[in-house]
Amino acid sequence: IMEGHNYGEVEAIKDYLLSKTAVRPTIGIVCGSGLGGLVENVENKEEFKYEDIPGFPRSTVKGHAGKLVFGTLSGKQVVCLQGRFHFYEGHGMLKCTLPVRVMGLLGIKTMVVTNAAGGVNRDFNVGDIMVIKDHVGFPTIAGNHPLTGLNDERFGPRFPPMNQVYDSSYQKLALEIANEAGYSSFIRNGCYCMFSGPTYETVAELRLAAALGGDAVGMSTVPEVIVASHMGIKCLGLSLITNKCIMEYDSSEEPNHAEVLEAGRKASKYVLDIVTKFVGKL
Ligand SMILES: Nc1nc2ncn(CCNC(CO)CO)c2c(=O)[nH]1
């Protein structure tokens, strides 16, 4: 099949899942590195391992469980992706974003996407939570894009607008929730820059991101948000800052995945609190 034409594949997975659960989710939640604990507050959980879902990709990254979790959160019917697919794992962009298309056909109208990210903005600290207001997708700008190839109008339009991709009322609500919860000292609002990974960025690449107004960098989220927005799903993005990017040549430090997972575990309770309250207020 020509790339970009996976409606039938997605529909078959949707039909399989609808036959297995009575949950009809209106909200999808994507859990980032070390943020799998987000599903702790979900009640009446019904879990499907990715490998048990016919046609679903396999997750390969440490810290990503690989489960689709249906249930109720703050009184709303939700579906959570516990473990996401990254472009750096070698999945094409179509496969990376297939779970979002499945959630779209399941009927979600809102997607909350969380990720771990490196802090580029020098005011950011480890443990900060950044409400995403916009993104720069280096891979998608270069053509590694989930919407290239044939466009299936049943998903969305050929040329989708991207100027409102992070819903401004959702950003406002998330910031209000965080400030009311007493998180004002570590809640941020900024721009997320995606690099393909798996390498972390060079100093020059980080300076490029900063020059473009980037506040945080990561290796995910952009493809999922593009595909969700294409399907008319409104998005809220939350980046947990797990490390400060090294932007000097004479630094002896090195970024590593262990510190990302550790910081994620420590601060995930705040992300969980914001998401739980956000879902309740929709
Ligand atoms: N400099 C930098 N720091 C980061 N901390 C978390 N991530 C997000 C990537 N997370 C995993 C892979 O999913 C690698 O730690 C990054 C990143 O991409 N770059």
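Mentor: Let us begin with contact, which means heavy atoms within 4.5 Å. Leaving aside neighbours within four places in sequence, Cys-235 is in contact with Met-111, Val-165, Tyr-166, Asp-167, Tyr-170, Val-225 and Ala-228. Please note that this is a predicted model, in which local features need pLDDT of at least 70 and side-chain atom pairs count only at pLDDT 80 or more, while totals for chains, interfaces and linings use all residues. Residues are numbered from 1 along each chain as its sequence is written, and side-chain values use heavy atoms, with hydrogens and water left out.

Trainee: Is Cys-235 buried or exposed?

Mentor: Buried means under 20% relative accessible area, exposed over 50%, and partly exposed in between, with a 1.4 Å probe and protein chains only. Cys-235 counts as buried because its relative accessible area is 1%.

Trainee: In which strand does Cys-235 lie?

Mentor: Strands (E, at least two residues) and helices (H or I, at least four) are DSSP runs, numbered from the N terminus. Cys-235 belongs to strand 9, which spans residues 234-244. Strand 9 also supplies at least two residues of the shell around the ligand, as do strand 5 (110-119), strand 8 (216-218) and helix 7 (257-281). The largest share, three residues, comes from strand 5.

Trainee: Which residues come nearest to the ligand?

Mentor: A residue is near a molecule if one of its heavy atoms lies within 4 Å of it. Of the 16 residues around the ligand, Tyr-88, Tyr-200, Glu-201, Asn-243 and His-257 come nearest.

Trainee: Which polar side-chain atom lies 2.7 Å from a nitrogen atom of the ligand?

Mentor: The atom in question belongs to Glu-201. In the side chain of Tyr-200, an N or O atom is 2.6 Å from an oxygen atom of the ligand. For Thr-242, the separation between a side-chain N or O atom and a ligand nitrogen is 3.3 Å. Of the 430 Å² of accessible area that the ligand has on its own, the protein covers 95%; such areas come from the Shrake-Rupley method with a 1.4 Å probe.

Trainee: What should be noted about the backbone?

Mentor: Gly-197 and Pro-198 are joined by a cis peptide bond, with omega about 0 degrees. Pro-198 is in the loop between strand 7 (187-194) and helix 5 (203-211). A positive phi in a residue other than glycine is found at Asn-44, near 50 degrees. Asn-44 is placed in strand 2 (residues 43-49) and counts as exposed because its relative accessibility is 59%.

Notes:
Polar contact = N/O pair within 3.5 Å; in protein donor to acceptor, adjacent residues only side chain to side chain.
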